Structures are given as C-alpha cells and as structure tokens.
Amino acid sequence: MDLDPILCKQSGFAFYNASNYDFGKLIDDPQDLGANLKRYINSFSSNMREVLEKFDFPNTIDKLEDANLLFQVMEKFKTIDLHPDKVSNLEMGYIFEELIRKFNEALDENPGEHFTPREVIQLMVNLLLSQDLDSLKQAHITRTVYNPCCGSGGMLTIAKERILELNPNSTVFLFGQEVNPETFAICKSDLYMKSEDGKEADNIKFGSTLSNDQHSDQTFDYLLANPPYGKDWKRDKEAVTKESEKVGSRFSAGTPRISDGQLLFLQQMLSRMKSFESEGSRVAIVMNGSPLFTGDAGSGESEIRRWILENDWLEAIIALPEQLFYNTGIATYVWVLSNKKLSSRKGKVQLISASDFWVAMRKSLGNKRREISKKQIENITDIFRGFEASEISKIFKSTDFGYRKITIERPLRLNFQITPERIERVKEQTAFINLAVSKKKNPEMKKIEEEAGREQQKAILGVLLSLPDELYKHRKPFTLLLKKVFKVDNVAVKASLLKAILTGLSEKDETAEICRDRDGKPEPDTDLRDTENVPLDEDIYDYFQREVKPHVSDPCINETVRDSKDNEVGKVGYEINFNRYFYQYQPPRELGEIEGDIQEVEGEILAMLKEMGV
C-alpha cells in the first residue's frame, strides 16, 4: 500500500518525515547527534530527500563533528524559524545571497553567477507584465512562468506574486531548471513548503538547460532569467554544437564564443515562447554588455542578434545603473522581447538609459552600493510603456542596428630588381630552403636528394647574379625574363618556386604597374585590404562612391565576399552600441580654469609645507 498520500496529508505538505525527531529531541542527545541527524534526514519522503541530497548534508555533518561544532550549530538553528510563512522567498533570497556573497569574496568566484538583486527582479517583472495588465485582470486566467536558470527561485516567485496581486483569482504555474545543486535545493524546498500538492516544486528540474532541457516539450507565457555572464559553456559544448547543426533547433541561429553562454540562454527562452496564434509570450533577461556588440558580421553572436531583430522580437533594452550587483559593479542591461508586439512597436526597438535611476544604499553589500527605488521602478516601467522618444528613451527601426560589411580591395603594385639585398630575401623563402630538405627516411637517399637540392640552389643563385640590376615596374616582363634565362641555363624551376623567387625580388611600389592574374584581373594587396560597414538601408555601391572612392586610389569592392544567408555582396552584421546612441559631447574645460585649479592646489601644497616647517 502506498502510504505517501496519507502521510503527506497528515503533514500538511507535499512531503513528510517519518522519524520521531525534531531539533529539540536531537539536541537532547548530544553524544549521538551526528548519527541521529543523519537518520532524521534519511526519514524524509523521497521527493524531499532528492532536495536535501543536493546540500550534501552527510559530509557537512561529519566536518562539523570533527571540528566539535555540530552541537553549537544545531543549537542556533533550533531557535530560528525559517518557515516560508515567517521568512519569505524574498528574504530567504537575501539570506542566501549574503552567504554566497561572502563565500564568493573568499574564493574570488565568477561574478553574477548566483543571484540577482530583488529590485532588479521586480523591475523585470514589471516590464514583462506592463503591456498585459488588462488581460491579466480577466476572470479565471491561467499563466505559466519559466526560468531556464532559476537559481533560488526569486524571479519565479516574485513574478507569481505580482500576477496574483493583479488578479487574486488567477492560476499561476512555475517552471524552472537549475544546474547549481544548492540553489536548486533552495528553490525546490521553498516551493514544497508553499504548495500542498507539490506540483510547482516538481516543475523545478535539476541539470544543465543547455545540454539537457527538461522542459523541451513545453512553451510558456512569461520567461525571465539572469544567466551567468562571462562564464564558459565548455561542458555543454558537445550537446550544444550538435543541436546547433539541426535546422530549426534551439541554437540553429548560431553559437557564441565558448567563453560566454548568455546568448545561448536567450535562444533557449525564445524557443520556448508560445506561438503568436496561441497568444504569444514575453521574455525579460538581464545580461552584461557583451551580447550587445561582441562578434563581427557573420560571427555567432552577430547571427543571433540578426535572428532576433529580423524576426522582430526585440522590444526594448534598458541600461541599468552600475554597482547594482553583489559581487560585480559592471554595467548590465535588461532585454525585453516578445512575439506579440503591439502594432505601434512592430519593426521598432526602444533603448532606455536608466543608468541614473538609483539611490545610494545606507550600507554596501560587497560591490552593491546602489539600488533602484520602488518609485524609480515605476518610472522606468512608465517610460517603457509610453514608448516615446526623449533624452533617455530612443526609438529605432530594427534595421538601424544592421549593416553590411563589404571588403575594399586595392591593387597590388610591385617593382622587381636583382640586388644583393633582395637575393638574400630569396634565400629566406620557404620554397627555396626546402630544395635542400629531404623527407626520405633512407639516410643514403636523403643525402643524395639534399645534395641535389643544394646544387639547384647554387644554379638559381648563379643565374640571378648573372643578370643586371635593372629596376622593373611591371611584373609580366620581369617574369618572362626569369623564365627565359632559367630555361637557357637549363635550371628547372617549378611554379611555386618561381613565385617564391619573385616574392624575394619584389617590393611594394605605388608607382609600379598593377599586378594581374592570368585572367587579367587586378590582384589585391592584402596589406591594403580594408572593410566598411554600410547601413542596411543604404546601397553599398552608392556608399562606396561617396565614402571610399574619393579618399583612396584604385579601390574596388570584393564581390566574392558574400553573405551566407542572402548571398548578396558583403556580410550582414548586427550590433547594438548602446552608449553611442546616448553619448553627449562634453567640451573640455577652459585653459584658464584649469590653470587656476593648478595654482590653487600649488598654494595648498605650499601652505602645508610651511606648516611643517619645510
């Protein structure tokens, strides 16, 4: 007989403990405290044991016993009530974050990996829900919320609380996945204690979302996350790369560089949106600045941005204040995306500079010296909803962030001359050196072949030294001359070797004739090769005529460099250089003002020296 349902009902939770122990009874037997505590943990129902195992309590108990600290720790916890009715998920998040912050500072761990400030979550939730307020207030609605890297669950629970504030009669289901065992356990245990049936806790899965998505058959209404930034995805590389090769898969748009997996999580979230026909979804994700602009045209990052913008999913990006996070002070950005844009937002992207929306904290927590007030959260949300241009809100077309990178070639111009210096360069050419290098394994054959090579080298140098040092500014007649004299002197020179000799005897010369290939087309000078980023809404040839041709000699567009998707000339790229759009020129101070400051400082220094008797 399955007693689990009966025992759960008796406990009032979705789990139970079958032992007779509580913390008081455990402390009453200090001699057997370690063994009894382990029995107490093992007496939980299987679903809660899965959670507790992630904390690795047996090893922790052994370590505390060895240090004679177990009784003291248990005595402290006996007096603390951490039930969700007493300590909310928000407060438990703060407790966890403070412990992790101290742990990270001690070990210098990866910044931003574990947690998100609560006011940042509240802002993200506000942005996520702000355009759906009317629909969220309808009767008997059901909504799903998902986080692919849910940590201790703060984003999920705050999102649910906000939806229930707007509509107490709504039903909200939470889903998430977490790879860190401790944060997974905190999230799942919290939901077990808050839920009578435990279904929400069962929707929290353990493992890497990137390599083992355990919600692959589901889509969600709202998706939000703070993925670890600046952290590599090496352990997921094999699975991610394999999936990226499948058309229409989560990662088929592209993969970012191995050192930073933020954009992989964003792709994961976009792949879990409901279809537009099913009312669509909204996404909010906070990342650092790297996903905005890292990666040139054709790179994985650029292709991911291209996929997002050409599908018209990006609604807005909000620049947050620095020094918001607990163990890093770097700039962060909230991306808001949706496949159900309002008609007024279609084809457009809003950039909001909220970097000045902060108040100083009374006491710093690590690198966190600032926070966003409730009023400021409302202001930022209003700016987002208002969708109007201002000094801190800019509206762009999606295509404004795109460009076509064209390759500009200039022709190769060389002169040729046989001089002692250039003959020395011939001797340094790999093809010339390899004449006297044999790959034969037989020592005798190797010796014979290398000797023959050295003789050929002498013959080539003899021919070159016999020629006059006339300067040639046209490659073709000089090449014909070399071929003729080598043939007359019966010196065998292959095409690759002749090319090496010509390289050694040549120098760049802007006054020389253009070097051409066998079809008569100009050969490019790779040292003069350049690129231009042409805005997508501009013709590349018009741009070339206006911006390139007047400024350099004999330029041309390399029409063999084409985009892999549309096969047009030039590679398409997308980047969002956020700071460029909000840059305000600050003129330098007047020299007289600077000089006055210097004189004032000098006076202060002299006064100090005088006081010291110097």
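These legends go with a handful of close-up views of a predicted model. Local features are shown at pLDDT of at least 70 and side-chain atom pairs count only at pLDDT 80 or more, while totals for chains, interfaces and linings use all residues. Numbering starts from 1 along each chain as its sequence is written, and side-chain values use heavy atoms, with hydrogens and water left out.

**View 1. Helix α20 packs against helix α21.** Residues 443-465 form α20 and residues 475-488 form α21; helices here are DSSP runs (H or I, at least four residues), strands are E runs of at least two, and both are numbered from the N terminus. The two axes sit 10 Å apart at an angle of about 120°, with axes being lines fitted to C-alpha atoms, for helices over the stretch in contact, and angles running from 0 to 180 degrees between N-to-C directions. So α20 and α21 are oblique to each other (under 35 degrees counts as roughly parallel, over 145 as roughly antiparallel, 65 to 115 as roughly perpendicular, and the rest as oblique). On the α20 side, Ile-460, Val-463 and Leu-464 make the contact, and α21 brings Leu-482, Val-485 and Phe-486 (contact means heavy atoms within 4.5 Å). By class that's six nonpolar, no polar and no charged residues; Ala, Val, Leu, Ile, Met, Phe, Trp, Tyr, Cys and Pro count as nonpolar, Asp, Glu, Lys and Arg as charged, and the others, Gly among them, as polar.

**View 2. Helix α3 meets helix α6.** Here residues 33-42 (α3) pack on residues 70-78 (α6) at about 50°, axes 10 Å apart, so α3 and α6 are oblique to each other. This crossing is left-handed. Leu-33, Gly-34 and Leu-37 of α3 touch Leu-70, Phe-71 and Met-74 of α6, giving five nonpolar, one polar and no charged residues.

**View 3. Helix α8 packs with helix α10.** The pair, residues 118-129 and residues 154-166, has an angle of about 50° and axes 10 Å apart, which makes α8 oblique to α10. The crossing is right-handed. Among the α8 residues in the contact are Arg-118, Ile-121 and Leu-129, and the α10 ones include Met-155, Arg-162 and Leu-166. Sorted by class, this contact has nine nonpolar, three polar and two charged residues.

**View 4. A look into the second largest pocket, with a volume of about 700 Å³.** A pocket is an open set of points on a 1 Å grid over the protein atoms alone where a 1.4 Å probe fits, with protein on both sides within 12 Å along at least five of seven lines; lining residues have an atom within 4 Å of a point. Of its 22 lining residues, Arg-475, Thr-479, Leu-502, Arg-516 and Glu-523 are the closest to the centre. β13 (414-416), α21 and α22 (495-504) each give two or more residues to the lining, which divides into nine nonpolar, five polar and eight charged.

**View 5. Asp-312 and Asn-490 are non-glycine residues with positive phi.** Asp-312 has phi of about 60° and is in the loop between α16 (300-310) and β6 (314-319). For Asn-490, phi is near 60°, and this residue belongs to the loop between α21 and α22.

Key
Grid points are joined across faces, edges and corners, and a volume is the space filled by probe spheres set on the points. A crossing is left-handed if the near helix is turned anticlockwise from the far one by less than a right angle, and right-handed if clockwise.
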